[in-house]
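Reader: I have a two-chain model to go through before I set anything up. Can you put it on screen and take my questions as they come?

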Amino acid sequence: MNHLKPDIGRKLDYLFGKATGRQHNLDRSLSMLKALERIGLYETPTSRSYIAEHLEQVFYNQENISSQNGNWVKRDSLLAGPRGFLKVESTWKGNKLITIVLKGGKGG
Amino acid sequence: MYLSYGKHYIEIQSYESKTEMMNVLSKCEGGRLILGESAEQQTFFYLIKIHLGWNGKLLFGIGICSEEYGLKPHLLLKPQDSELLLGFNNEVVAVGVEDRKIHFRILLDSLFHAFLTLEKPKHILVFHEIGLLALDNTGQKLWEYEEDVIEDFDIIEDCLNIKFMDASPISLNLQNLSIHKLHEFFNTPVQKIRAVG
């Protein structure tokens, strides 16, 4: 059982298309927003807390680790929305969420 | 429009279907390579057609199956080595134009973002989503640094300044590999932070 609390930092903003900085970041962030919208998860306080809760559960689940390198861990999960599902590949360093890749559907 | 490359010239096309790309690739009689075929989610397809020699009739084709995620593949021309460096998905592949073979392939820990060539030291920096690595001309990994999603970077004199999404910004001296973190300073060679093979 993991006793640390997951730290998701500003990654919810990243998921919902609100990245700042280089164009690569903005494009990548917008593509995640589109992927979430495709499964019916629009940027609302409810969706944000739903995804935050999903990420928390992902962190506490010890059975979803797909690869590990030192304290860098990749975890796979399935995010359900009102209109479909997305595969979520999250990278963690200890309890800190580093990045997320949303897989499923064109442009995902 | 064509891109001149030594005695060759290059044409880049994109396709929404793999079949469409494969049809054009099959007509490249000077050689064919397909990259990114192991990608889980193949979304867009790119074809680099190299018109070989002054005549330009013989074609060498390189197809790329791209996962995208909002990011497009990058092509770095290395005419002095007759090589093309391609960055896409989570890999970097060097392809020889004369021998039409893969020279090296490097897997990244996150999605490829960009190349940056340095003159002094003569390195190629490969930026991916959560870090960067330095390569020499032969594809040998010299050092790497990973921290968090890179928001921005800039080079001022010998220093590469990087801003991360959820970590302190750093200033990496490219000559001696020392790192200055915001509010702290330490002089640790990057190789000691993350050893490379």
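Reader: Where is L177(B) found?

Author: This is a predicted model, to begin with. L177(B) sits in the loop of chain B between β16 (170-173) and β17 (179-181).

Reader: What is phi there, for L177(B)?

Author: Near 60°, which is a positive value in a residue other than glycine. Most residues other than glycine have a negative phi.

Reader: Is L177(B) buried or partly exposed?

Author: Partly exposed, because 19 other C-beta atoms lie within 10 Å. The cut-off for buried is 20 or more.

Reader: Which loop holds E68(B)?

Author: E68(B) is in the loop between β5 (58-66) and β6 (74-78) of chain B. E68(B) has a positive phi of about 70°, although it is not a glycine.

Reader: And why does E68(B) count as buried?

Author: Because E68(B) has 21 other C-beta atoms within 10 Å, and 20 or more is what buried requires.

Reader: Which peptide bond is cis?

Author: The one from K120(B) to P121(B), with omega near 0°. P121(B) is placed in the loop between β10 (112-117) and β11 (124-128) of chain B. Most peptide bonds are trans.

Reader: Switching to sheets. What is the strand order in the five-strand sheet of chain B?

Author: The order is β1-β2-β4-β5-β3 of chain B, in an open sheet with mixed pairing. The edge strands are β1 (3-5) and β3 (31-35) of chain B, and each pairs on one side only. Neighbouring strands in this sheet are turned by 20° against each other on average, ignoring direction.

Reader: How many bridges between β2 and β4 of chain B?

Author: Seven, in the antiparallel sense, between β2 (residues 8-15) and β4 (residues 44-52) of chain B. One of the bridge pairs is Y9(B) with H51(B) of β4(B).

Reader: Which strands does helix α1 of chain B lie across?

Author: Helix α1 (residues 18-25) of chain B lies across β2, β3, β4 and β5 of chain B. The helix runs at about 10° to β4(B).

Reader: And the four-strand sheet, what order is that?

Author: β10-β11-β12-β13 of chain B, an open sheet with antiparallel pairing. At the edges are β10 and β13 (141-146) of chain B; each has a single partner strand, so one side of each is left without a neighbour in the sheet. The twist averages 15° from one strand to the next.

Reader: How many bridges join β12 and β13 of chain B?

Author: Five, between β12 (residues 131-135) of chain B and β13(B), again antiparallel. G131(B) has E146(B) of β13(B) as its bridge partner.

Reader: How is chain B divided into domains?

Author: Into domain 1 (1-107) and domain 2 (110-197). The C-alpha centres of the two domains of chain B lie 27 Å apart. Their contact takes 16 residues from domain 1 of chain B and ten residues from domain 2 of chain B.

Reader: What kinds of residue does domain 1 of chain B put on that side?

Author: Nine nonpolar, five polar and two charged on the side of domain 1 of chain B that touches domain 2 of chain B. β6, β7 (83-88), β8 (91-96) and β9 (102-107) of chain B each supply at least two residues of that side.

Reader: On to the chain-chain contact. How many residues are in contact between chain A and chain B?

Author: 20 residues of chain A are in contact with 19 residues of chain B. On the chain A side, α2 (23-38) and β4 (96-103) are the elements that give two or more residues. α2(A) gives the most, with six residues. That side of chain A divides into four nonpolar, ten polar and six charged residues.

Reader: What span should α2(A) have, and what are its end C-alpha atoms apart?

Author: At 1.5 Å a residue, its 16 residues should span 22 Å, and the end C-alpha atoms are 22 Å apart, so the two agree. After α2(A) comes G40(A), with a positive phi near 85°.

Reader: What covers the buried residues of α2(A)?

Author: The cover includes α1 (11-15), β3 (84-93) and β4 of chain A, together with β10 and β14 (150-156) of chain B. Among the buried residues in α2(A) are H24(A), R28(A), M32(A) and L36(A).

How values were computed: Residues numbered from 1 in each chain as written. Chains lettered and ligands numbered in written order. Predicted model: local features only at pLDDT ≥ 70, side-chain atom pairs only at ≥ 80, totals over all residues. Contact = placed C-beta atoms within 7 Å. Nonpolar A, V, L, I, M, F, W, Y, C, P; charged D, E, K, R; others polar. Buried ≥ 20, exposed ≤ 12 C-beta atoms within 10 Å, placed from the backbone. Domains from an automatic or database assignment. Expected span 1.5 Å × (residues − 1). Pairing = 2+ DSSP bridges. Axes fitted to C-alpha atoms, helices over the stretch in contact; angles between N-to-C directions.
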